[in-house]
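Let's take a look at this one together. Have the sequence and the 3D view at hand as you read on.

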Number of protein chains: 2
Amino acid sequence: MSASATRGQIVSVADRLFYEQGYEATSFADIAAEAGLSRGNFYYHFKAKDAILEAVIAARMADTRTMLESWEDGASDPLERIRSFAHIVIRNQAKIMAHGCPVGTLCNELAKLEHGAKGDAAGVFVLFRDWLAEQFAALGRERDAEALALHVLMRSQGIATLATALGDEDFVRREVRAIDQWLEDQLPAVTRPLQE
Amino acid sequence: MSASATRGQIVSVADRLFYEQGYEATSFADIAAEAGLSRGNFYYHFKAKDAILEAVIAARMADTRTMLESWEDGASDPLERIRSFAHIVIRNQAKIMAHGCPVGTLCNELAKLEHGAKGDAAGVFVLFRDWLAEQFAALGRERDAEALALHVLMRSQGIATLATALGDEDFVRREVRAIDQWLEDQLPAVTRPLQE
DNA sequence: GTACTATTAGGACATTTGACCTAAATTTCT
DNA sequence: AGAAATTTAGGTCAAATGTCCTAATAGTAC
């Protein structure tokens, strides 16, 4: 296997294990075993655990950018794009109930570890925030676009945390519907049907 | 020192360290050092780390009950009581920005560790949920009291997570105001001033 | 008071685990 | 073939968990 392929394999496995088990609880041996590599080979590619974390975060940033682009391609309507984001918690419901939101839980863990990469991990949130803000701006809410974006992010994080803690599927569906409703209420009147 | 006092001291220190550093990242030695005990003595009181976790969760349940009672004593108006809850994130802003919500982050960590105590930890959420639902019921929303309670919990969790990740104080204040506004909008019209 | 017993405290190991390192073997490329 | 890149199989070292043993203290029976 080529070096970059092996490296990619390590990052991919580490990404999943960091999400499923947490960063601290995942050892070199865990990743090496799942990737089918020796521990030494592992060290050939990454000198320290911090380095894998950085690579995983970089991969998540790239994946997020790709996802946002796909949503832009999939819908020209900004409202529809925002809904694409809001509905992640339903599409990934099973995983979220088992392990929470990948971004939120990693940020929380790194905060407790006082790990320098916390800011990098939060970069994924910034990516979502700015993208959401763009969509709100396109809907005519330039003034408070960022606040609205953070509000949507906040709700998705709250849903994820309670979904993990309580495992209530009805709650998740209900709250996503509530986001949809809230979104409609945010539209300037001129863009809504006349009868409202 | 008496046995129960020593035990209480251990639980108190463990409670704080589990919050600040996380459960996994906190070792017996950490707790013993901060509590001023030897490791051997420590084992006299708690045979395993799980046992300390259980005691910490039990203590948090008790503390939460006490806090809820104090809010009941402090305000006869259910709306005011709910506000007491919603404003925790402002009162504890500094701690939340550093270490997140104690309940949410513990549940997330235990979920990833597949630790059996996750359900116990989530019990604190259930405590808050039921108490909030009681307040909403007292406001005339018996039908959807639990859904409203979970909505408030959800928002406080989302605020905590983003506060930790992004460290934005304005965001926290804005979203707490938004909860206050939302709360007022939930009141049946009859209980609101006539001009609305 | 003395002997006995239970509780509390302290610390010395033994075992395990995980991060990190090295040198030899193997593969790949030229 | 020979150099370079890659992989493997070990091993080291520190930290964490968990066990065991000893000593001090306090209470109790006589």
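## A leucine between two helices

B:Leu139 sits in the loop that joins helix 9 to helix 10 of chain B. The model is a predicted one, so keep that in mind for every value here.

Is B:Leu139 buried or exposed? Its relative accessible area is 15%, and because anything under 20% counts as buried, B:Leu139 is placed in the buried class.

## Where the two chains meet

Next, the contact between the chains. Chain B brings 39 residues to it, and chain A brings 39 residues as well. Together the two chains bury about 3200 Å², and carbon and sulfur atoms account for 65% of that area. On the side of chain B, the trio B:Asn108, B:Lys112 and B:Met154 provides 22% of the area buried against chain A, which is more than any other three residues.

What kinds of polar pairing cross the interface? Between chain B and chain A there are 0 salt bridges, while 10 residue pairs are in polar contact, with both residues at pLDDT 80 or more.

## What chain B brings to the contact

Several helices of chain B give two or more residues to the side that touches chain A: helix 1 (3–21), helix 7 (93–99), helix 8 (102–112), helix 9 (118–138), helix 10 (145–166) and helix 11 (169–186). Which of them gives the largest share? That is helix 10 of chain B, with 14 residues.

By residue type, the side of chain B that touches chain A is made up of 19 nonpolar, 12 polar and 8 charged residues.

## Chain A as a whole

Now let's step back to chain A. Its secondary structure consists of 11 helices and 0 strands, so the pattern along the sequence reads α-α-α-α-α-α-α-α-α-α-α.

Chain A has 196 residues, and 52% of them count as buried. Its accessible surface comes to about 9000 Å², with 50% belonging to carbon and sulfur atoms. As for contacts within chain A, take those between residues at least 6 apart in sequence: 64% of these join residues at least 24 apart.

How values were computed
Residues numbered from 1 in each chain as written. Chains lettered and ligands numbered in written order. Predicted model: local features only at pLDDT ≥ 70, side-chain atom pairs only at ≥ 80, totals over all residues. Heavy atoms only, no water. Contact = heavy atoms within 4.5 Å. Buried area = accessible area lost by both parts, 1.4 Å probe. Salt bridge = Lys/Arg side-chain N within 4 Å of Asp/Glu carboxyl O. Polar contact = N/O pair within 3.5 Å; in protein donor to acceptor, adjacent residues only side chain to side chain. Helix = DSSP H or I, 4+ residues; strand = E, 2+ residues; numbered from the N terminus. Nonpolar A, V, L, I, M, F, W, Y, C, P; charged D, E, K, R; others polar. Buried < 20%, exposed > 50% of the residue type's maximum accessible area, 1.4 Å probe, protein only. Areas by Shrake-Rupley, 256 points an atom, 1.4 Å probe, with all protein chains shown as cover.
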